[in-house]
Amino acid sequence: HPDALERLGAFESEVLQAPTADGEIILKVIDVNHRSQDQVQAEIDWLLALRERDLPVAQPIPTLTGRWTEPLDVEGTHAATAVAYRKSPGEHRRYDAWNDDHARKLGTLLGQLHAHTRNWTPPGPTRPDWRDVDVLDQAATAYPDDDAMQNAVVRLLPHANALTTRLPDVGLVHADAHAWNVLIDHHDTLTLIDFDDAIRAPYLHDLAIALYYPVATRPDEPAARTAERFLGPFLEGFDAVAPRPHGNSEDVATLLAMRIADLAIAVHLTVPPGDWTDDLRTTATRLRDRTVTQHDLVPLATLRTFFD
C-alpha cells in the first residue's frame, strides 16, 4: 500500500522500502532519462544469473504481473520504470569499521562476478558501454564559468580515451562497488547491491572503483597507507577466484582521476540547488580542486607495488 512506503533516498533513482507478508522489500523508481527500461531489464537479468550461481547479490522479485520491470506512465508517457528487490540481510558499515577480512571478501565477490560475466551471454538487452555513460564531456555544462576545471578535463580526456584501446579486457562490471553498496550481516557475509551503474567496461575499472572509496573517504589519512591496507587483502581475495585484469599502475591512476572528475561533474548536473548541503559543497569542492591540480589520489609508487 502506498502509505506503507518509506522513502530511503534519491539521487538518480527514488528508493523506497515497505513491509510485506513475506518481509521487507525495496522499490526503485528509475527515470527513463537515467536508464531505459531495457537497461533496467539487463541489470535484472545479470542479477538473476548471479543468484543462480548462489552469489550474494541483491534479489529481484517479480511484480504481480509476473514481470521484472514495470513501466510507469505519466499523462500517457513512459516516464519511469519500477523494479523491486527482497531486502538484503545486513547493514552498511563505514570503512573505518572494515577489517582485512571484509576487504578480502569484497575482492573475492568482485572476482566471482568477473569470472561469471567472462563466460556469460546476456539473454536480452545489454548494459551501456562505459564511455557512452561517461559525463566528462559535460564539464562545460557543469562548470560554465570555470576555465580551470574545463581545461583540466580536456587534459584528462586523451588519457581516458586511450584506455579504450589499451585495455581490451572488457566485460560487464558492477562499476560502483563500495561500502554503501555492500551490506554486512552478523556472520560477516557480504551482499553486493545497487547494480544501477553496471556497464561494459575494462575489468580493471571495478578494481579502481573499489580502491577509490576507502581512500577518498579518509582525506585526513595518508593515501598510500590506506591504499596498501586495503589492496593487500582485497587483491588476495580477487586473485584467488579470477584472473587479474589487464592494465598497469598508470591505467589505475587514470581510472581514479576519471572517477574524481566524473563525480565532480555529476553532482553539479544531478543535485537540485535546494538539495545542496555544506558537506556536499565541501566534497564537490575537494573533487573539483583535485581534478584541477591533477594530484594523484594514490601515489603512483604505491600503485606500482600492486599493479606492475
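This is a predicted model: local features need pLDDT of at least 70, side-chain atom pairs count only at pLDDT 80 or more; totals for chains, interfaces and linings use all residues.
Residues are numbered from 1 along each chain as its sequence is written, and side-chain values use heavy atoms, with hydrogens and water left out.

Q: What makes up the secondary structure of the protein?
A: The protein has 9 helices and 10 strands. Helices (H or I, at least four residues) and strands (E, at least two) are DSSP runs, numbered from the N terminus.

Q: Why is the protein called as compact as a globular protein of that length?
A: Its radius of gyration is 19 Å. This radius is taken over C-alpha atoms, and the globule rule is 2.2 Å times the number of residues to the power 0.38. For 308 residues the rule gives 19 Å, so the protein is as compact as a globular protein of that length. Its C-alpha atoms fill a box of roughly 55 × 45 × 35 Å along the principal axes.

Q: What share of the contacts with a separation of 6 or more comes from residues 24 or more positions apart?
A: Such residues account for 76% of those contacts. Contact means heavy atoms within 4.5 Å.

Q: Why are α4 and α8 called oblique to each other?
A: Helix α4 (residues 147-166) and helix α8 (residues 278-293) pack at about 55°, with axes 8 Å apart. Axes are lines fitted to C-alpha atoms, for helices over the stretch in contact, and angles run from 0 to 180 degrees between N-to-C directions. Angles under 35 degrees count as roughly parallel, over 145 as roughly antiparallel, 65 to 115 as roughly perpendicular and the rest as oblique. The pair is therefore oblique.

Q: Which residues make the contact of α4 and α8?
A: A148, M149, A152, V153 and R155 of α4 meet R288, T291 and V292 of α8. By class, that is 5 nonpolar, 1 polar and 2 charged residues. Ala, Val, Leu, Ile, Met, Phe, Trp, Tyr, Cys and Pro count as nonpolar, Asp, Glu, Lys and Arg as charged, and the others, Gly among them, as polar.

Q: What makes α1 roughly perpendicular to α2?
A: The axes of helix α1 (residues 37-52) and α2 cross at roughly 105° and come within 11 Å. That angle makes α1 roughly perpendicular to α2. W46, A49 and L50 of α1 touch L113, H116 and T117 of α2. This contact has 4 nonpolar, 2 polar and no charged residues.

Q: Why does G107 count as buried?
A: Buried means under 20% relative accessible area, exposed over 50%, partly exposed in between (1.4 Å probe, protein chains only). G107 has 0% relative accessibility, so it counts as buried. G107 sits in helix α2 (residues 100-117). Beyond residues up to four places away in sequence, G107 touches F234, G237 and F238.

Q: How do you know that T302 is buried?
A: The relative accessible area of T302 is 7%, so T302 is buried. T302 belongs to helix α9 (residues 300-307). Its contacts, leaving aside neighbours within four places in sequence, are A224, A227 and E228.

Q: What makes A82 count as buried?
A: A82 has 11% relative accessibility, so A82 counts as buried. A82 is part of strand β6 (residues 77-86). Neighbours within four places in sequence aside, A82 contacts L27, K28, W68, T69, E70 and L72.
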